[in-house]
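Have a look at the structure, then go through the points in order.

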Amino acid sequence: MKKEEILKIFSQLISIESVSTDTKRKNEISKAVDLIKNYLLDLGLQVDIYQKENSHPLIVGKKIVSSKAKTFGFYAHYDVQPEDPVDKWLTPPFKLTLKNGKIFGRGVADDKGHLVQLLAGLKRMKNFKNNLVFIFEGEEEIGSINFEKLIKEDDFLKRVDVFYILDVGAKSKKSPQIFYGLRGIVEFELILQTGKTDLHSGIYGNLAVNPAQVGFEFFSKIKDGKTHQIKIPGFYDDVVKISVQEKKLLKKTESPIESKIFPSLEVNGVYSGYTGEGIKTIIPHQAVFKFSIRLVPNQNWKKVKKQVEDFAKKNLSKDVKYQLKTIAGSDPFYTDFKNPYVEKTGKVLKEVFQGEVIFNRSGGSIPAAEIFQRVYKKPVILTGFTLPDDNLHAPNENFDEEMFWKGIEAIEKIFLL
Ligand code: BES
Ligand code: MN
Ligand code: MN
């Protein structure tokens, strides 16, 4: 394998700061698109770029060998999470660095590494057997708001026989995984406002309503912090109870099941009043809470959105003005993993990684999985090659080198299934 060539495109891609949530870096998104597009064109693929209004572009690359051949789809995302806190990184976040058998950089594991593995597999392919379609998204880390609309622009995607999503990891070097379930998610921002300006807490204490306090009370009503129970009426109505048999299988994966089979609600960020050094005796006029709810099979994010809105209406005091915004939503993914493609893929993974394949569920979310399944009704296979210490979304994100190269081998074999 010409490792230098692959590391070159990998390091070029990592040097591009395609942080999808940061509107100031839209230009970086364009740079990533150009790099990937040109690489695919050089390899002789047909490339289409789809974009709606303000969306980041969706890249679709096609290698069509024959109208009679099977068509395999491969998904990865080129957008990444913000690099903060930068001072916790031991290597520069946007500089691909090889150290102690690992590849470091923002996005190496999530999900540029898998994207580059696909490009590498493609580059090394001599004789194509199946038609290959590559679907590279630029909005995964911001909730895939336009994904469904964008894929529907390309009629050829209807001809895909199986979708591979490469955006998860293995349990260990000898334990590859295929995921058959992911949680859905709905993300909110709650803005509480009492007035136009902060007040002196000595003069207005006992008199003015404090929006931060109103928020704390609201969150203690919506969720019990000890039991993690969500206290919105009807919230659990649609949750399917896991079967004894599935529970047994999941317990064998030796990871806690609470975070993948139950819904959860978390405050993700809060800001209000003075957060600088020392003290400032004020009553803030505004408080902002970012929170999200993860969903499990049979829950529907639009229904949950409505329940949260009703709950806010009932439970937020009348002395505060509030705005509840929904940022994004996606439904949970769950699939039957007993289809021939899963079986064949499992064999490849077992052979390459020299260990049994674990069938697992994850508490994380990848909106594309549910969307592919619902829109095209074809098997969706979720796998990937990172390891549990990959530091996803955190400083020192990494991809194990051995796993990186072996993953490419596995991908080449999957291309030929
Ligand atoms: N690749 C992850 C999701 C993931 C990680 C699934 C590990 C399973 C195991 C993906 O990029 C991600 O971070 N998704 C977000 C989605 C959200 C922004 C809508 C998540 O789960 O928080
Ligand atoms: Mn990802
Ligand atoms: Mn991610």
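1. Start with a charge and a ring: Lys99 lies over the face of Phe104, with 5.7 Å to the ring centre. Lys338 does likewise with Phe337, its charged end sitting over the ring at 4.8 Å from the centre. To count, NZ of Lys or CZ of Arg must be within 6 Å of the ring centre and within 35 degrees of the ring normal.

2. A word on the source: this is a predicted model, where local features need pLDDT of at least 70, side-chain atom pairs count only at pLDDT 80 or more, and totals for chains, interfaces and linings use all residues. Residues are numbered from 1 along each chain as its sequence is written, chains are lettered from A and ligands numbered from 1 in the order in which they are written, and side-chain values use heavy atoms, without hydrogens and water.

3. How many aromatic pairs does the structure hold? There are 27 aromatic pairs. Rings of Phe, Tyr and Trp (its six-membered ring) pair if their centres lie within 6.5 Å; planes under 30 degrees apart are stacked, over 60 edge-to-face, and the rest tilted.

4. Phe219 and Phe291 form an edge-to-face pair, because their centres are 5.1 Å apart and their planes at 80°. Phe219 is in helix α6 (residues 211–222) and Phe291 in strand β13 (residues 286–295), so the pair ties together parts 72 residues apart in sequence. Helices (H or I, at least four residues) and strands (E, at least two) are DSSP runs, numbered from the N terminus.

5. Ring pairs also link Phe72, Phe74, Phe134, Phe136, Tyr164, Tyr341 and Phe415 into a cluster.
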